[in-house]
Every structure is written in C-alpha cells, then in structure tokens.
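Subject: Structure for you to look at

Hello,

Here is the structure I said I would pass on. Please open it first, and then read the notes below it.

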Amino acid sequence: MTEHPRPFDDNQALDPRSTRLRITILRTHAVAGQGHLGSSLSLVEILSALFAEGRFATNVTAEGDRLVLSKGHAALGLYCALAEAGIISHATLATFGQNGSTLEPHPNETVLPEGSVCTGSLGQGLSIGLGFAYASRLSGRSDERTVVILGDGELNEGQPWEAAIAARRLKLGTLLAIVDANGMQQDGAMSDIMPIDDLQGAWAALGWQVHTVDGHDFRGLLSLLAEIRDVCPDTPKLIVAQTVKGRGVPFLENAVDSHYPSPLDNAELDLIERLLIAEMRDVQ
Amino acid sequence: MSNDAPLYARTLRNVGTEHANAIVVDAGLATSMQSDLFQVAFPERYVNLGIAEANAVGFASGLARRGFRPIVHSFSNFLARRAHDQIAISIALPKLPVLLVGGSCGVFDGRNGPSHFASDDLATFTSLPGFKVYEPADGEDLKNAMREAMTEDGPSYLRLRRHGMRTGRADEAKGGNGTHLVHAATEDARVTIVVIGNLLEEAFTAVRILADQDVHADLFHVVRIKPLAAEKILASARRTQRPIVIENHCAVGGGAQAVTVALASYGLNVSCFTLPDRFLPAGDPRWLLAQVGLDANSLADRIVALLHQGAA
C-alpha cells in the first residue's frame, strides 16, 4: 500500500537527535547480541519527535501525556530513546539483553516503570490507550494526550479494530495512534502476508482523523504532533507514519532478516555510524 | 422498587456507592449482567463497549493504572477463553486491581449449550499469577467477595450465578471469605466434604440425607478458591481420612484440584465429584445436575458407595 521513501532522500530533514538515537540502538543491539532491530530503527524519528515534545508523565499518577508501545518488540528502540532523553541511565541501558535485566525484550512496567505499559502480545495497546484517555477525561485532565504506537503488521489482529470503533464512540479526541507503517511483518512484506489495502480510508470510515506522513521526517512529525494536539476534541487521531524497516543500515532496509538480525560487527558499526553522521551533515 | 431487582444488580449498585472509583465496563451483555441499577445511579462511571471482550479488558487495564477500580462483565467463557491473553498480559502481569465478573457457572447456565456452559473458566484464572478467584453461593458471600476484591491489591475473578442465588445466607455459615465450616458432624465424622462455591445447597442437602442414614460429615464451603484457605479442611480430613470435594467445574484447575494439591502433601487422597471431561448437552440446571451426578441425592449415593468401597 505504501510507496516507501528511499533512504536519505534529499528532502529528508534529519535531526541530530534521531541520528544519535539510531546509533545508540545499533550499538546497544551489537553489545546485547539480540533485539528486534528492524522495528526499532523504523521508529527512530517517531520516538525522537515524541520525546522532543517532552510532555510524557514521569510516573503512573503524574500528570502528562501517556505512551503505550503496543508493538512491544520495538522495546529496544524505546529503551534507547529513554536513555537519550535522560529518563533512564546509559548504565541501565547497557544491561539490555542480560539475564534478569529490567529492560526486558518487551516492555514490562513491573520492572521498568519508566517505559511503556506491559505489551508484547500484539494488538493490546490501543485498548489500554482508550482506558488512559478515558481516565484523563474522568480526572478532568483533558490536556493529557495518550499516544499509542502500533505496527502495521500488528493490525492483522482484531483487537485494534475493536478499539478503533470504541474510540470514536467514546469521542476520545486526546487519543493519538501512530502506526509505524514499514510495510513489513516478521514473515515478510505485508503485501505478501496480509496486506491492508487502504488503512487510512478504513480508519477514516471508522470516524478517525487520519494523517499520513513520512515517518523519517523528524521536523514534519514534530510539527504535525503540535498541529493536531488541540483540534477536534471529540475525534481520535491516527498518524500513518510511512517508514522503512531497518532504516539506516542499507543491507537491512526492507529486508526480512532485519526483524531479528545478527548484531553488526565493529567494522560494520563504524562504517554505518560514519555514513549516518555524514548524511546528517549533508542535509544540514 | 430496587428491592425487587436481581441480587447482583443491587449488590453492584451498593459497590458503586461504597467505592467512588468503581467503574463498570460491560461488553454488550448489560441486560444479562444486571448492570442497570449501577448505570442509572452512576452514569458517569458506566461504559458499555459492545461485544468486544478483549477491548473491554484492555480498556479496564488503562483505567486501573490511573486509580480506578474497573469491574468488567461478560459471560464467563467469553472472558476466560476469548480474552485470556489480554487478561494475562494487560491485567495479571501488571498486577492491576480489576475485578472480572463472569456471569455463567457450569450447570446453572447450561441452557445455552457448550458455547455458554462455563466448565473450565476457573482453571484459566487460578493459573494466572496473583489472581484471586471467588465463587459465592449466596448474597452474603457475594457482598463479602466483592468487598474484598474491591479493596485489596491485584486482580480478581468472580464466578457469578446470576439466577437463583439466595439473597441471604444459604446455611448457617459465618461471614467472611475463604473457607467456612458450614456444618460440623454431630457425631464422629466419617467424611470431610468440601463444596466449592455455588453447589452449597446441593451439598448441604446431601449431608442431611447422609445424616438420616447415620453417615456423619463435616461440611466445608469454599468461597475463595485462590488463595485457598485449607487449614480447617486439613484438620477435619486428618481425622476422617476421607476428604471429598464437590464442584460445578471440571476437575482441572478449579477448587477440587486446589484442595487436592493442598492435602496431597499431608498424604491425604481426595475424591473429586466434578463435571466430567466432556462437553455436556444443553439443558436446565436440575436435569444437568442429575446428568452429572451432582444433585443432592446422587451426591449422597456416591458418598455412601465410596465409603462402602473403602470398607470392602
């Protein structure tokens, strides 16, 4: 369904935060020797833009925006974003992949309250987001936004569609779903496994306000997040962020192997890091 | 007017009065689940999310993290079977204070056949870490179980008999949750009978039939299946060496298994009178009870046969 942007098109507005996050993800993955790298890399600009807003609640009872990583396998990306934002330490990040680490392969709030709620079994996060958004309304905190990040493959599940119907019914205008639309799922291209021909049209028909963006355009994401924050208070919002799985590592981009690849060796890491930094400078 | 309303409807409304953070989430079965009094009394704390159990569970998960105490309604199988993964990952793993009420329970909801007949729901909840599991037999049990579920930490499942449950005490049992001694043998007890949840009246009648035959029994009633309070049962069973469990659920994962496991480490073998390991035909409760040998007369006969077997 999606015409994927080529990596580092000239009009891509790269941001140093995104480049640093992408490098942190690659290096953390290399040290851990495990993790869902491709999905984490496709999320980089989305996470950078969300954390750049700096409005997430610091704990369960605090006021602020809520984040649910429904595609829990991208926890590696989230943990690196938390470290880059100073919410967890880099020393904690370095435990990723170790036995008993609080940074589990899928988010577990009972051991890492700073991260997402418990996910990992796909399809559950949007319903939890509904509960968050409804609680914000009941508590008189209608300025709090609930952000739920889903994968496009995750939309094979039925539950997000149940939640989408209910979000409209409950008029949850503070609910924002962001689909990391990288066009891939674990077993291959969505077009070969289980495509959704018109995701935007389908959710618009369910009563959502739908936006489509280049999911690697940091500044575009940032401005869209601000633009739709306070509009249409009764209408839930969907951002379809068109991304590339494995973004930033040429031999992993759009590759099935990017889902759970072997870690890059030091030479590959150094090369990719130089490429990423050079690309960023060229754009700037 | 509301005194004529069904028992659960009144109890639920009272829960709403006692707990300002209670919020009811229905999944398209509100008229069956008797939510109307609550909905009228507390419209701002009532949501019907339609026939979508997984979403209802996730919605409650979000609410519970924000200080609310959600009560989620559906029929037992539609929670236990359809939404099990959501209950495990969105409720049990984060240890959230959500009360799930399953409105069907074995033979008492057998009219709709195997899709609705809940015979394995307890197993799905007792197997999840941290879940408290209740099966009340009467209005007092119901009130006590809901009070405990709504005030303690962590998730709970309540297996509800929506129709035909007595309002007051069904027997001489004392208040509180856990396990009650509802009848102490007037002479030396030969058997220790443990009845789980809603078969209390059948078991109580069976004990009276047995007494008429000079077979005396201690009768215990379990309201909270997990965590099980087994101490009183153990003390009696050590005297009689003949513990029997009666339950409106399959033998796996419910109260019968919990009692069996609790007594096994003391060398006590438990006889289990439970639902059979097969899907049952549709039928009314009295007919089904007789089909599976769990009506009072059948229970008395089976217990006498068991004692004779042991004596032979």
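How much area is buried between chain A and chain B, and what share of it do carbon and sulfur atoms give? About 2,000 Å² is buried between the two chains, and carbon and sulfur atoms give 59% of that. Buried area here is the accessible area (1.4 Å probe) that two parts lose on being put together, summed over both.

Before the rest, some notes on the source. This is a predicted model, in which local features need pLDDT of at least 70 and side-chain atom pairs count only at pLDDT 80 or more, while totals for chains, interfaces and linings use all residues. Residues are numbered from 1 along each chain as its sequence is written, chains are lettered from A and ligands numbered from 1 in the order in which they are written, and side-chain values use heavy atoms, with hydrogens and water left out.

The interface

Chain A brings 27 residues to the contact and chain B brings 23; contact means heavy atoms within 4.5 Å. Between the chains there are 11 residue pairs in polar contact, both residues at pLDDT 80 or more. A polar contact is a pair of N or O atoms within 3.5 Å; within protein, one must be able to donate a hydrogen and the other to accept it, and residues adjacent in sequence count only if both atoms are side-chain atoms. On the side of chain A that touches chain B, helix 6 (125–138) and helix 7 (159–169) are the elements that give two or more residues. Helix 6 of chain A gives the most, with nine residues. Helices (H or I, at least four residues) are DSSP runs, numbered from the N terminus.

One residue at the interface

Two salt bridges cross between the chains, a salt bridge being a side-chain nitrogen of Lys or Arg within 4 Å of a carboxyl oxygen of Asp or Glu. Arg65(B) forms a salt bridge with Glu109(A), with the closest N and O atoms 2.6 Å apart. Arg65(B) lies in helix 4 (residues 53–65) of chain B.

Regards
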